[in-house]
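Open your viewer and get ready to select residues as we go.

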Amino acid sequence: MALDFLAGCAGGVAGVLVGHPFDTVKVRLQVQSMEKPQYRGTLHCFKSIIKQESVLGLYKGLGSPLMGLTFINALVFGVQGNTLRALGHDSPLNQFLAGAAAGAIQCVICCPMELAKTRLQLQDAGPARTYKGSLDCLVQIYGHEGLRGVNRGMVSTLLRETPSFGVYFLTYDALTRALGCEPGDRLLVPKLLLAGGTSGIMSWLSTYPVDVVKSRLQADGLRGAPRYCGILDCVRQSYRAEGWRVFTRGLASTLLRAFPVNAATFATVTVVLTYARGEEAGPEGEAVPAASAAPAGPALAQPSSL
C-alpha cells in the first residue's frame, strides 16, 4: 500500500503539471465579468496569458496543489479503500459510496488549497501582486479573515467533491471491467488511460455548475467589495446577470484538461509500479484494496488528481 501511495503521488504530480495551465484558464473564465469580459474564449485566454505574463503565467498558483497533493492522495486512498472494505463487497453502489466518502473527507485540505490557488491565479503580475506564494496567501487570508476565511467555499467544495468522486470511481470501475483490464494484457496501459480520462470527464460534468459557484465565492472580494452572501445568493446573482450559460463558463478548458491530466497520471503510476515491482508484478500493483474481488474483473484504482 505504501508503494501504491508513492506511485499515486508521482502520478498526481504529473497530472498537476500537465493540467494546471488549463485550470488557470478555467478559473479566469469563470470569474471574469460579462459586462467587461477580458477573454473571448478558451483559446483567446491561453494566448492572452502567454502574451501578457509569459508561459509562467499559466502556472500561477502551482505550489498550492502540489503542496496539498500528498495529503489529498493519502486521504483518498485510505478512505476509499477502508470504506470499500467496511461495506463488505465490491459493487457499483459501494464504489460510488466509497468514492463519495473519500471526496468528502479530502475537502478539509482541498478547500484551502484551491482558495490559495484561485487567488494566485487571479492576482496581477509584477510588483503589484498581493501574494508571494501559496503559504503567504493563506497566512494573509488567515490574518484578515481568520479560520473562516481560510475555509471560504467549504460547503460548495463539499457539494462538488462528494458526488463527483462517487461518479468518478463508479465510472472508472465500470469502464475497467467493460474494457477487460486484466493483469498481463498488452493493451492494459491504453485501456487504463482511456478509462481514467473518460472517468475524469464524467466526474467534472456531474458537478461543474457547483465548481463555478465555488470559484466565484473564493474569488469574491479580491478585486473590490464582496458581492455574495452565500451559495444561493451567488447562484441568484450570477443567473440574473448572465443567464444559465454562466454555469458552463470554462467548461471547455476543464474537459480539455481532464483527459490529459488523467492520462499523465496513469502513465506515471504504471511506470513507477513497473520499475518498482518488476515486470511481473507491475500491473497488479494497481488493484484497489478491497474485502473481496468481484468475478467480473479486477477493481483498479488511480490517484485522486481530477
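At what angle do the axes of helix α5 and helix α6 cross? Select residues 107-122 for α5 and 134-150 for α6: their axes come within 10 Å and cross at roughly 120°. That makes α5 oblique to α6, oblique being what remains once angles under 35 degrees (roughly parallel), over 145 (roughly antiparallel) and 65 to 115 (roughly perpendicular) are taken out.

A word on what you have open. This is a predicted model, in which local features need pLDDT of at least 70 and side-chain atom pairs count only at pLDDT 80 or more, while totals for chains, interfaces and linings use all residues. Residues are numbered from 1 along each chain as its sequence is written, and side-chain values use heavy atoms, leaving out hydrogens and water. Helices are DSSP runs (H or I, at least four residues) numbered from the N terminus. Axes are lines fitted to C-alpha atoms over the stretch in contact, with angles from 0 to 180 degrees between N-to-C directions.

Stay with this pair and show side chains. On the α5 side, pick Pro112, Leu115, Ala116, Arg119 and Leu120; their partners in α6 include Ser134, Ile141 and Glu145. Contact here means heavy atoms within 4.5 Å. The contact residues divide into eight nonpolar, two polar and two charged.

Next, select Ile72, Val76, Val79, Ala102, Cys110, Met113, Phe165, Tyr168 and Phe169, the nine residues of the largest nonpolar core. Such a core is a set of buried Ala, Val, Leu, Ile, Met, Phe, Trp, Tyr and Cys residues joined through side-chain atoms within 4.5 Å. Helices α3 (63-87), α5 and α7 (154-178) each supply at least two of its residues.

From α7, move to helix α8 (residues 188-219): the two pack at an angle of about 170°, with axes 8 Å apart. That makes α7 roughly antiparallel to α8.

Ser238 sits in helix α9 (residues 231-242) and counts as buried at 2% relative accessibility. Beyond residues up to four places away in sequence, Ser238 touches Arg216, Tyr228, Gly243, Val246 and Phe247.

Finish at Ser54, in the loop between α2 (42-53) and α3. Ser54 is partly exposed, with a relative accessible area of 33%; buried means under 20%, exposed over 50%, and partly exposed in between (1.4 Å probe, protein chains only). Check its backbone too: Ser54 has a positive phi of about 70° although it is not a glycine. Most residues other than glycine have a negative phi.

Note on methods:
Nonpolar A, V, L, I, M, F, W, Y, C, P; charged D, E, K, R; others polar.
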